[in-house]
Amino acid sequence: MTAIVTAGLTRCFGEQRAVDRIDLRVERGMFFGFLGPNGAGKSTTIKMLTGLLAPTEGTIHVLGHDMSNSQEALAAKRKIGVVPEGLALFENLNAWEYLTFIGRMHGLDLPTIRTRSEDLLQRLQLNGDAEKLSLEYSHGMKKKLALAAALLPNPDLLFLDEPFEGVDAVTSRVIKDMLHRFVQRGSTVFLTSHVLDIVERLCTHVGIISKGRLVEQASLDDLRQGRTLEQRFLDVVGAGEAEAQPLAWLEGAAS
Amino acid sequence: MNWQQFAVLSWARWRVGYHQLRRQGVFSLIVTLVILGIMLAGGFIGFFVALTAGALGLSKASPNMVMAIVDGWLVVYLMFSMFSLLTEMQQENLLSVDKLLHLPTSLFEVFLFNFLATLLSFTNLTLGPPILGFFLALVLVHGPSLLVGPLLLAAWILLAAAIITLIRGWLATLMATPRGRRTTTVVISLIVMVVFMLPQSAIFYFSRNQQQQHNHRTTELQDLLKQHERQEITNEEFNARFEAIRARDAAPSNHWATVTAIVERVNLWFPPGWLALGTREAIEGNVWPALGASVLFGLVSIGCLRISHRRMHRLVTQGVSDRPRPNGRKTVRGETSPRRNALERQLPWGSPAVSAVFWASFQSMLRAPEVKMLMVIPIIMLLMFAGGISRGGDKIPPAAVSAMVVGVLAFSVLSIGQFAQNLFGIDRAGFRAYVLSGVPREQILIGRNLSLGPILAVVVVPVLVAIRLLAPLPWSHLAMGFVGIPLLLLVVSMIGNLLSVLVPFGFKPGTLQPASPFGLVFLVQMIFLWVVMLLVGLLIGGPLALDMIARETGWLPPAIPLGLILTSLELALVIVLYAVFIRRQGEMLQHRETKILATIAERGD
């Protein structure tokens with residue numbers, strides 16, 4: 001069964017087409033990296049896939065559920081975990097409380113919530129700060145808490161919007177290991193990232209979006225064709241123009 | 001409807017509220033919890049008290065009295081609701097779509113949670129039981145026909161919850177961005193302030209009317225006595241007219257009838273008042289208005305809920321909060337000269353750095369909703385009191401009119417005092433830029449100080465001109481007021497710079513309240529307030545008093561504007577003092593800037 005299928009997925013904001021007729025196909029067990037320059041439409045796409053934003057046109061199927069049908073969308077949401085763009089944390093709840101909230105919203109019983117929360121907080125090195133309100137957290141800590149919340153219901157599919165941004169190297173390693181194991185058991189990860197190195201090391205498949213259009217979708221090896229992901233990415237999104245124009249005043253001798 | 005999710009959301013709501021209170025300190029938490037507990041218990045006890053007292057006493061109450069009681073409750077309810085809304089706006093929105101829709105819950109359920117949360121609000125839990133007891137007492141006293149009362153009440157509560165849900169949804173859309181959040185908070189605060197001032201204005205209006213009637217009577221009697229003394233009227237005529245005046249005064253006051261008529265009219269034209277009006281009609285035997293109002297309330301509630309749901313749906317389907325902002329003017333590649341902006345302007349004196357700090361501070365303050373509110377307040381006050389001044393402008397003693405100059409300057413300087421005494425607290429990011437810059441610190445202070453000038457002028461000038469137009473304010477005193485603007489700006493700046501450097505503090509977002517209101521900051525604010533009032537009194541009030549004494553005693557010819565001359569001399573002296581002190585203050589700022597940054601960023605962010 002495919003994890004995500006979209007057909008002609010489009011999102012308009014007034015005249016502007018933020019996402020333009022995307023046909024995406026992510027199989028189960030894939031570690032899918034969704035790349036694109038700033039403002040290309042990555043976050044809009046992830047919002048539509050997770051039910052935070054309705055598409056203007058097109059269809060979305062997540063884990064076999066049609067997201068345009070509210071009941072089916074609910075069934076899909078029970079099986080997914082999300083780290084959205086704004087993290088969607090409640091700043092005036094501490095980590096324990098927030099995880100309890102998420103667990104109960106997913107219908108988990110309290111002993112399960114406690115056990116899983118303890119494990120997650122320990123793995124993500126948040127156990128020492130679990131009593132603090134999340135507004136006291138650094139950006140990286142907030143990100144870790146959001147990831148813990150996404151993993152808590154033990155989902156089949158994880159959507160992660162820039163999960164490594166602002167996270168220290170040690171935690172980054174822990175998260176990568178967790179995600180690897182998550183995929184190895186047959187679950188799916190759909191992540192967006194600006195850090196191409198991470199995508200190159202983690203992902204099995206990659207999609208590239210530019211100006212709202214899906215310009216590439218392939219396995220990592222097929223996409224690279226013997227080159228680095230960065231080279232391919234720059235070729236695909238056409239970054240040569242910005243590079244070509246030097247700034248004369250910046251290239252003079254330093255004072 | 002998933003009741004488990006509703007229970008979890010209710011629990012989370014309580015925890016969020018608890019933590020928000022706890023962050024304000026243990027004392028504040030305990031006091032608030034005790035007050036909330038007392039109010040909730042009061043609501044519960046209020047049900048039985050209202051039921052018992054109503055059952056015993058309502059048989060003697062007139063229908064109009066019952067209407068007045070219900071209206072009183074309505075006013076309290078509306079005040080509570082507005083206050084709750086205002087408090088809620090400053091808190092975290094737990095039930096926002098963004099935070100819930102990726103969880104296994106549907107849009108309709110989120111909407112329903114929002115509505116139920118409104119229905120089970122603190123206002124309803126506190127004020128609902130007593131009025132329910134009151135309506136049940138009406139049933140006991142007036143019979144089953146009054147069962148229409150609780151029905152009308154239920155429809156009204158539904159209506160109130162539906163309207164509040166509608167407003168909350170609307171506000172959520174407006175508050176989607178941080179700037180929108182600040183603007184909305186300020187505008188709503190302003191509306192609440194005006195609404196809270198309305199009863200005071202009504203009292204002012206009524207007491208003024210009474211005073212006028214009393215004055216009229218006194219004048220009438222004095223005229224009569226004079227006519228009698230001058231033997232312009234006969235004894236019989238005097239007695240007859242005197243008796244007529246006494247009889248008119250002795251006649252029962254018709255205030256209650258007037259008030260009832262006004263309240264009745266307000267109830268008729270202001271639909272929430274139909275609760276009181278419908279109840280009165282039902283007591284008088286006509287249940288149809290109450291039934292009609294119940295149906296209408298129900299229909300309007302359904303309409304409001306439909307609109308709210310559609311708006312929430314639109315938020316998701318059209319992504320209102322995510323809509324990319326319309327692009328401003330784009331600089332086309334190859335276009336070498338982008339549009340000239342305010343920060344390119346050079347002040348006629350001062351360095352480019354002073355100009356840049358001045359324009360940057362001025363522009364950012366103009367965009368701050370708090371400053372807009374500051375500039376609106378005098379206009380509201382002007383509108384409220386203009387009527388009074390215009391009606392009695394010629395009767396106000398000239399000395400009192402001139403004293404208004406001192407009052408206006410004092411009020412305005414105190415208003416900008418909040419910015420002057422904490423120059424860097426309101427724009428933390430901006431202060432970071434100053435700290436990172438290599439500009440001499442006194443230039444930063446000069447730019448920041450001067451940027452308050454136009455705001456002070458905008459607040460003072462229209463009010464002074466209005467006073468001049470409405471009342472006999474001498475030109476020289478008006479000019480004194482204008483000279484007072486730069487004079488007081490520099491004086492307040494010198495004190496404010498010192499405080500900004502030594503006792504900085506952050507503001508709560510969207511308000512002009514310090515992030516840490518107690519302790520040293522509070523003490524400093526109080527001292528600043530008194531010092532500024534004293535200085536305004538000395539620097540403006542002093543020359544004004546000398547000017548008026550000189551005019552009264554004929555010590556100086558009226559053509560010589562003594563007050564204006566003295567104030568101008570003060571201004572010259574203060575400019576010299578400012579020039580001397582600002583360098584030293586700049587050094588102090590440089591010495592303490594990292595401490596200031598730590599304070600305003602940590603406590604304010």
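A salt bridge is a side-chain nitrogen of Lys or Arg within 4 Å of a carboxyl oxygen of Asp or Glu. Across the interface of chain B and chain A, this rule finds 1 salt bridge. B:R15 forms a salt bridge with A:E97, and their closest N and O atoms are 2.4 Å apart.

The model is predicted: local features need pLDDT of at least 70 and side-chain atom pairs count only at pLDDT 80 or more, whereas totals for chains, interfaces and linings use all residues. Residues are numbered from 1 along each chain as its sequence is written, chains are lettered from A and ligands numbered from 1 in the order in which they are written, and side-chain values use heavy atoms, with hydrogens and water left out.

**The interface**

In contact (heavy atoms within 4.5 Å) are 32 residues of chain B and 35 residues of chain A. Buried area is the accessible area (1.4 Å probe) that two parts lose on being put together, summed over both. For chain B and chain A this area is about 3,000 Å², with 64% of it on carbon and sulfur atoms. B:H102, B:L103 and B:P104 supply 21% of the area that chain B buries against chain A, more than any other three residues.

Polar contacts are pairs of N or O atoms within 3.5 Å; within protein, one must be able to donate a hydrogen and the other to accept it, and residues adjacent in sequence count only if both atoms are side-chain atoms. Across the interface, 7 residue pairs are in polar contact, both residues at pLDDT 80 or more. Helices (H or I, at least four residues) and strands (E, at least two) are DSSP runs, numbered from the N terminus. On the side of chain B that touches chain A, α1(B) gives the most, with 11 residues.

**Chain B as a whole**

The table collects values for this chain.

| Property of chain B | Value |
|---|---|
| Helices | 20 helices |
| Strands | 0 strands |
| Accessible surface | about 31,600 Å² |
| Carbon and sulfur part of accessible surface | 69% |

Accessible areas come from the Shrake-Rupley method with a 1.4 Å probe; for residues, only the protein chains shown count as cover. Buried residues (under 20% relative accessible area, 1.4 Å probe, protein chains only) make up 43% of the 605 residues in chain B.

**One buried serine**

B:S412 lies in helix α15 (residues 398–420) of chain B. This residue counts as buried because its relative accessibility is 2%. The side chain of B:S412 reaches the backbone oxygen of B:V408 at 2.7 Å. Not counting residues up to four places away in sequence, B:S412 touches B:L456, B:V459 and B:V460.

Definitions and conventions:
Buried means under 20% relative accessible area, exposed over 50%, partly exposed in between (1.4 Å probe, protein chains only).
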